[in-house]
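Subject: Two-chain model for you to look at

Hello,

Here is the structure I promised. Please open it first, then read my notes below.

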Amino acid sequence: MNTHLLRKLQRKTLIPTQIAGYIATLLVGLAIVLLSLQAYCDLRPLLTQQTDVFKAHTVTVSKNVTMFKTANKEGIYFDDKELTSLNEQPFVKEVAHFTSAQFNTEAAVSFGGQTLRTDFFFESVPDEYLDVESSDWHWDSTANYLPLVIPEDYLNLYNFGFAESQSMPVVSEAMLSQITFNVVVSGNGKQRVYDSRIVGLSSKINSILVPNDFLQWANAEFGNSGDKRSSRLLVEFTDASDERIPSYFEGHGLNLSQNELESSKIAFLFRVGIMFLIAIATIIIILSIAFIVMSLNLIVQRNRNLFVNLYKIGYTPRQIARFYQTVIGIVTLCSIAAAATVALMTRNLYVEKLASLFDIDKGGSTILACAVISAIVLVPLYNMLILRMIKKSFR
Amino acid sequence: MSEPEVAGSDIYLRPELRFEQGKKYMVCAKSGHGKSSLLNFIYGINKEYEGTIEMLSENEEGQKSLGTHILSYMFQDLCLFPELTAIENVQLKNDLTNFKSDSEIEKMLTALLPAEKRHQPVASLSLGQQQRVAAVRALCQPMQFLMMDEPFSHLDKETAQKVADMVVAEVDRQGAGLIVTALDPIEMLPFDIKLNL
């Protein structure tokens, strides 16, 4: 069918400023929603500590180091009475000990022909407190492989402090796990060299960890069978947000690693912030939809005579609606595409910074998926509304 | 309308009235007696009546194409589009039906309108000239019936005769029926049946 004349009649009924207003508001609202959702998906794993190898609801507990205790080291160890008391608290689910290495340890890494050596130390905790791939976290007395978990702060110290100031490349967690180095263990007149690799990071614990089995064995093999008391404990809570926790630990002169509590606060604020943004942007989108629907209604009311005459000479409501459906459909799709582009470009700004440090999906799949969903929802919705308005005008 | 008003009617309150394809009907009535309403009932754009109206034609295309393939209707208020020219008004209808060629449309309008008027917006035409455009438009479709609501009310006799001849030629060519309403009997059309409303 030749629609040239029909379009000529209908083109004059459009109100360009209102359509422009619709495009602008839909674009702004949708861009904010798309970006917020994408940012939420991108950043949530970083804030909910899924990168941490430690079980959730677990903190490390140590005694406060005071002037008195500096002189008399005995004061930093937990005695049996204290352990029993802690175990009996209703908010404590489980208490585990740290085991310290009682032998000498040295790490050696080759860097461009040079070998760097450093003394360091090991500790271990029961394996069930760690969430590391079991294939990585195994030790076998016959093999020469020794996995390590290091504090996340070490990596941050390097990336944000050292690498920044020395213009060195930054290292991501994935890259870090590729680096192998040697660990030399000695004591009791014996020495052994292990191939070592970092298999995980922890922000909750400031120590270098090895598998518990290894340390039990190595303490017997190389150790000086010194004291086996604990200066640090791992405490698992039933609920980390229990308000009795801070007062108990403060009252008993104990130190808590605050990370668990802090990060859940940050994650909460982040979630609230994103929700707030999405809510505001959703209101903008709803207003833009309401605005264009009212504008279309105005067009139909103003041009009722035209539509009725077209209908009387044989044009069907569908044929009359098609022009408006096409215009609004194209305008909506363009607006969605523009919003997706703006959101993707904005995302690229933060992804570039973050990708070198964390593993982020670079596709921006959330933005694209949401854009497609909005198109699938909005275009048929408008088609239906326009047809209904035109049919209604004939009554 | 009240019963005494329609007492002498050949149409209202009758048990059945049949319009036959191929025949020409004239429906006469004073103004306000429902001539337009009757045609609108038949065309399906006014449903404020009691009783039933049935189309007995064999129509494969269904109700949808009623206004473009079965019934052609020249409205009393003409239903022209004032911003379109005379030719465009006719073409707008022909776009739907693809029934006449551009040269046929041009030829029909030439017979009824001065050359300079054919390309002017209809808004600038006199009522009589607009009536001629509407008549030509009504001929641009396949039809089983042509309904014309007071088609010659603003035309002088000579022009009315020209329009009437063109209408009869098209209706006869298609073997269609014709229903024309008027205030007073019309002489320029060869009616088979005259009905009082």
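In chain A, 81% of the contacts between residues at least 6 apart in sequence join residues at least 24 apart. Two residues are in contact if their C-beta atoms, placed from the backbone, lie within 7 Å. For chain B, residues 24 or more positions apart account for 78% of the contacts with a separation of 6 or more.

A note on the model and the naming. This is a predicted model: local features need pLDDT of at least 70 and side-chain atom pairs count only at pLDDT 80 or more, while totals for chains, interfaces and linings use all residues. Residues are numbered from 1 along each chain as its sequence is written, and chains are lettered from A and ligands numbered from 1 in the order in which they are written.

Chain A

Chain A has 12 helices and 11 strands. Helices (H or I, at least four residues) and strands (E, at least two) are DSSP runs, numbered from the N terminus. Of its 395 residues, 27% are buried. Buried means that 20 or more other C-beta atoms lie within 10 Å of the residue's own, with C-beta atoms placed from the backbone.

Four strands of chain A make an open antiparallel sheet, ordered β2-β10-β1-β11. Strands pair if DSSP finds at least two bridges between them. β2 (92-97) and β11 (254-256) of chain A are at the edges with a single partner strand each, so one side of each has no neighbour in the sheet. Neighbouring strands are turned by 30 degrees against each other on average, direction ignored. Inside the sheet, β1 (58-63) and β10 (232-237) of chain A pair over five bridges, antiparallel. There S62(A) has R232(A) as its bridge partner.

Chain B

Chain B has eight helices and five strands. They run α-β-α-α-β-α-α-α-α-β-α-β-β from the N terminus on. Buried residues are 37% of the 197 in this chain.

The five strands form an open parallel sheet, in the order β2-β3-β4-β1-β5 (chain B). β2 (71-74) and β5 (193-196) of chain B are the edges; each has a single partner strand, so one side of each is left without a neighbour in the sheet. The twist averages 15 degrees from one strand to the next. β1 (24-28) and β4 (177-182) of chain B pair in the parallel sense over five bridges, and Y25(B) stands opposite I179(B) in β4(B).

Two helices to check against this sheet. Helix α2 (35-43) of chain B lies across β1, β2, β3 (145-149) and β4 of chain B, at about 150 degrees to β3(B). Helix α7 (127-138) of chain B lies across β2 and β3 of chain B, at about 180 degrees to β2(B). Axes are lines fitted to C-alpha atoms, for helices over the stretch in contact; angles run from 0 to 180 degrees between N-to-C directions.

Cores

A nonpolar core is a set of buried Ala, Val, Leu, Ile, Met, Phe, Trp, Tyr and Cys residues joined through C-beta atoms within 7 Å. The largest has 85 residues, and L30(A), L34(A), A339(A), L109(B) and L146(B) have the most contacts inside it. Helix α2 (16-47) of chain A gives the largest share, 10 residues. Not counting residues up to four places away in sequence, L34(A) touches A339(A), A340(A), A343(A), I367(A), C370(A) and A371(A).

Best wishes

How values were computed:
A residue is buried if 20 or more other C-beta atoms lie within 10 Å of its own, exposed if 12 or fewer, and partly exposed in between; C-beta atoms are placed from the backbone.
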